[in-house]
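Keep the 3D view open and follow along.

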Amino acid sequence: MLKERIITLRELSNFGSVSGLNDQAVALVRQQQKTWEVAQKNYAMLLNAQTKTFKFGHFEIKVQHNPERIRSSAAKTDAKSIAGRACFLCLENLPPEQKGIMFRNKYLILTNPYPIFPFHLTISMLKHTPQRIGIFFPDMLDLSRELAGFSLLYNGPQSGASAPDHFHFQAGNKGFLPVETEVKILENRNEANVLFQNEKTTIIAAENYLRRFIVLSSSDESEIVRFFQCFYSILPARRGNEPMLNILCNYERGRWRVIVFPRERTRSSHFYQTGDKQVIVGPATVELGGVLVLPRYKDFLSVDCQIISEIYEEVTLSSSLFEQWLDISMDSIGK
């Protein structure tokens, strides 16, 4: 079954360079658009997707109308719903047309057929195992180094993952999310709240972005793993799941940049409203990265700065809890 899923380099070479994993992933998306009707249709629709930008002074939030993302935004991820459906990331349940690239005999790199990015990947573990980043964080770093043109995304089981029962990452074009550029500006202007710095690693905190996050930047893989695990271990677990968080990671010029968004809620109150007040949105890493995906056109038309502010403020960690998290984490690092 697995052998049938693996696409060959010869097949990929018809759609671009295959000199490295990054090139192979780009070629895979192109190949799937050509041979898989669902992917072809949805990537074509993405080219004409309506977007608009809301300015918040020193940062911006982009809004994308993307009807096909209703599957993710409105996905039921409670235990009963998960138990009642087949896992759509397991090999036996993938569509016949879907092919992938093996990564270290552990992950299958797939084209996401419901894209947000021009090149959108789903990277699923071959083994059906729950969505828990803890011991798999080093894999995220390795993947980001090999997929240098992409940013890696992780959605926690209660933080936007539509398949919390099957471990996976996503990846999309590096630089697509506004926060990636904004963090670089923050670093270059030396305006960030620097929590820690040595020759290899810098840790900063950002609070005035509607959502609060930390950025770990390092050229040392073992060091960034150690610091991440420290911050991760301080966040409280939720109802048997891991702590609520989203992660955005990329690799550039010999350094990793990992942005960690601690969470408070799975969805904002707007999702549970009725009638005209309801906004169908399932905030995940893409949204926290600055692209708010709205499947319904009515929501795309009616959303404004106030609604956007409320959505972000409700789902992310409050200022007081964020400060508490930083204080405890930094005390632990100091030891």
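## A tour of loops, strands and helices

R253 sits in the loop that links β13 (245-252) and β14 (255-262). This is a predicted model, so keep that in mind as you look around. R253 is exposed, with a relative accessible area of 81%. R253 is not a glycine, yet it has a positive phi of about 55 degrees.

You'll find L210 in the loop between β9 and β10 (213-218). Is L210 buried or exposed? With a relative accessible area of 14%, L210 is buried.

One more loop residue is worth a stop. F167 lies between β6 (150-155) and β7 (168-173), and at a relative accessible area of 0% F167 counts as buried. What is in contact with F167, leaving aside its neighbours within four places in sequence? The list includes Y107, I123, M125, P130, I133, F136 and Y154. F167 and K127 are 40 residues apart along the chain, and their C-alpha atoms are separated by 8.2 Å.

| Residue | Loop | Relative accessible area |
|---|---|---|
| F167 | β6 to β7 | 0% |
| L210 | β9 to β10 | 14% |
| R253 | β13 to β14 | 81% |

T201 is buried, at 0% relative accessibility, and T202 is buried with a relative accessible area of 18%. Each threonine has a side-chain polar contact to look for. T201 pairs with E223 at 2.4 Å, while T202 pairs with Q197 at 3.2 Å. Setting aside neighbours within four places in sequence, T201 is in contact with F196, S217, S218, E223, F227 and R255. With that same exclusion, T202 is in contact with V194, F196, Q197, V215, L216, S217 and R255.

Now for the helices. Two packed helices are described by the angle between their axes and the distance between the axes. Take helix α3 (residues 21-35) and helix α4 (residues 37-47): their axes come within 5 Å and cross at roughly 105 degrees. That makes α3 and α4 roughly perpendicular to each other. On the α3 side, the contact is made by V29, Q32, Q33, K34 and T35, and α4 brings E37, A39, Q40 and Y43. Sorted by class, the contact of α3 with α4 has three nonpolar, four polar and two charged residues.

The last stop is helix α12 (residues 305-315). Which residues of α12 are buried? They are I307, I308, I311, Y312 and V315. These residues cover an arc of only 125 degrees around the axis, so they sit on the same side of α12. At the start of α12, a side-chain oxygen of D304 comes to within 3.2 Å of the backbone nitrogen of Q306.

Definitions and conventions: Residues numbered from 1 in each chain as written. Predicted model: local features only at pLDDT ≥ 70, side-chain atom pairs only at ≥ 80, totals over all residues. Heavy atoms only, no water. Axes fitted to C-alpha atoms, helices over the stretch in contact; angles between N-to-C directions. Helix = DSSP H or I, 4+ residues; strand = E, 2+ residues; numbered from the N terminus. Parallel < 35°, antiparallel > 145°, perpendicular 65-115°, else oblique. Contact = heavy atoms within 4.5 Å. Nonpolar A, V, L, I, M, F, W, Y, C, P; charged D, E, K, R; others polar. Buried < 20%, exposed > 50% of the residue type's maximum accessible area, 1.4 Å probe, protein only. Arc of directions from axis to C-beta. Polar contact = N/O pair within 3.5 Å; in protein donor to acceptor, adjacent residues only side chain to side chain.
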